[in-house]
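Dear colleague,

Please find below the structure that I am handing over to you. My notes on what was found in it follow directly after it.

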Amino acid sequence: MNLRIGHGVDIHRLEAGRKCVIGGVEIESPVGPVAHSDGDVLVHALMDAILGAQGEPDIGVKFPNNDNKYSGASSILLLELVWKEALKRGYVLVNADMSVVCEVPKINPSSAAMKENLARVLNVASDRIGLKATTAEKLGSLGRGEGIFASATVLLEKKD
Ligand code: MG
C-alpha cells in the first residue's frame with residue numbers, strides 16, 4: 001500500500017463579535033476568529049495535513065492572505081479545492097483525526113455536524129473522521145480564551 005501521513009496545525013486569535021465557523025459549522029459564540037478567510041481553524045489544520053501528506057506547499061502559499069480573492073472565503077470551499085487536487089493525483093483518505101483546543105466556544109455540541117461536513121467533502125463515511133475537543137485548563141493565552149488552536153493528522157492512500 002502506498003500510504004502517506006500528513007500533519008497540520010493552526011491557531012487564530014479570538015475577538016468579541018466575530019462570526020465563529022469551525023469545521024464548516026457556524027457556532028453561536030460570544031467570540032470568533034480574527035482571520036482573512038472565515039478563520040475556520042479546524043479546516044485550516046486539516047488542509048495543511050492533506051497538503052503535507054502530498055509534499056505540497058501549505059495553505060499560506062496556496063491561498064495567500066494578501067490575495068483579496070480569499071477575503072472572507074469559506075474554508076470548506078477551499079478544502080473542496082484542495083481535496084479535488086488530491087483526488088486528481090490519485091489519493092483517497094484512509095482516515096483523519098483532529099483536536100481543537102479552546103475555552104470558548106464549546107465544540108462538542110457541534111462536533112457530529114462538523115464530522116459530517118468534513119466526511120462529505122472528503123468522500124468518506126464519518127467514522128473515518130475523528131474529532132476531539134479540550135480546553136487549555138485556563139493555562140496561558142489559550143486558557144484565557146484569547147485564541148483557538150487545532151491540530152490534524154491524516155492518512156492518505158495513493159491509488160494508481
Ligand atoms: Mg488559519
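This is a predicted model: local features need pLDDT of at least 70, side-chain atom pairs count only at pLDDT 80 or more; totals for chains, interfaces and linings use all residues.

R89 lies in the loop between helix 3 and strand 5; helices (H or I, at least four residues) and strands (E, at least two) are DSSP runs, numbered from the N terminus. With a relative accessible area of 30%, R89 is partly exposed (buried means under 20% relative accessible area, exposed over 50%, and partly exposed in between, with a 1.4 Å probe and protein chains only). Leaving aside residues up to four places away in sequence, R89 touches Q54, E56 and K158, where contact means heavy atoms within 4.5 Å. The C-alpha atoms of R89 and D160 are separated by 8.9 Å, although the two residues are 71 residues apart along the chain.

Residues are numbered from 1 along each chain as its sequence is written, and side-chain values use heavy atoms, with hydrogens and water left out.

The individual pairings can be followed residue by residue. Strand 1 (residues 3-16) and strand 7 (residues 147-158) are antiparallel and share eleven bridges. Within this pairing, G6 has V154 of strand 7 as its bridge partner, H7 has T153, and V9 stands opposite S151. Strand 1 also runs antiparallel to strand 4, to which three bridges join it; here E15 stands opposite G32. Strand 5 and strand 7 are likewise paired in the antiparallel sense, over ten bridges, and L93 has L156 in strand 7 as its bridge partner. In a regular strand the side chains alternate between the two faces of the sheet.

Helix 4

Which residues of helix 4 are buried? They are S111, M114, N117, L118, A119 and V121. These buried residues pack against strand 2 (21-22), strand 3 (25-26), helix 1, helix 3 (75-88), strand 5 and strand 6. Just after helix 4, N123 takes a positive phi of about 60°.

The protein donors of the magnesium ion are D10 (OD), H12 (NE2) and H44 (ND1), which lie 2.2 Å from the ion. Donors are N, O and S atoms within 2.8 Å of the metal (3.2 Å for Na, K and Ca), and because water is not among the atoms, sites may look incomplete. Along the sequence, the donor residues are spaced D-x1-H-x31-H. D10 counts as buried because its relative accessibility is 16%, and H12 is buried at 12%.

The largest pocket has a volume of about 280 Å³. Of the 17 residues that line this pocket, H44, I59, G60, F63 and N65 are the closest to its centre. A pocket is here an open set of points on a 1 Å grid over the protein atoms alone, where a 1.4 Å probe fits, with protein on both sides within 12 Å along at least five of seven lines; lining residues have an atom within 4 Å of a point. Grid points are joined across faces, edges and corners, and the volume is the space filled by probe spheres set on the points. Strand 1, helix 1 and helix 2 (59-62) each supply at least two residues of the lining.

Loops

The peptide bond from V104 to P105 is cis, with omega near -5°, and P105 lies in the loop between strand 5 and helix 4. E137 is not a glycine, yet has a positive phi of about 55°. E137 is found in the loop between strand 6 and helix 5 (140-143), and is exposed at 63% relative accessible area.

Yours sincerely

Key. Two strands pair if DSSP finds at least two bridges between them.
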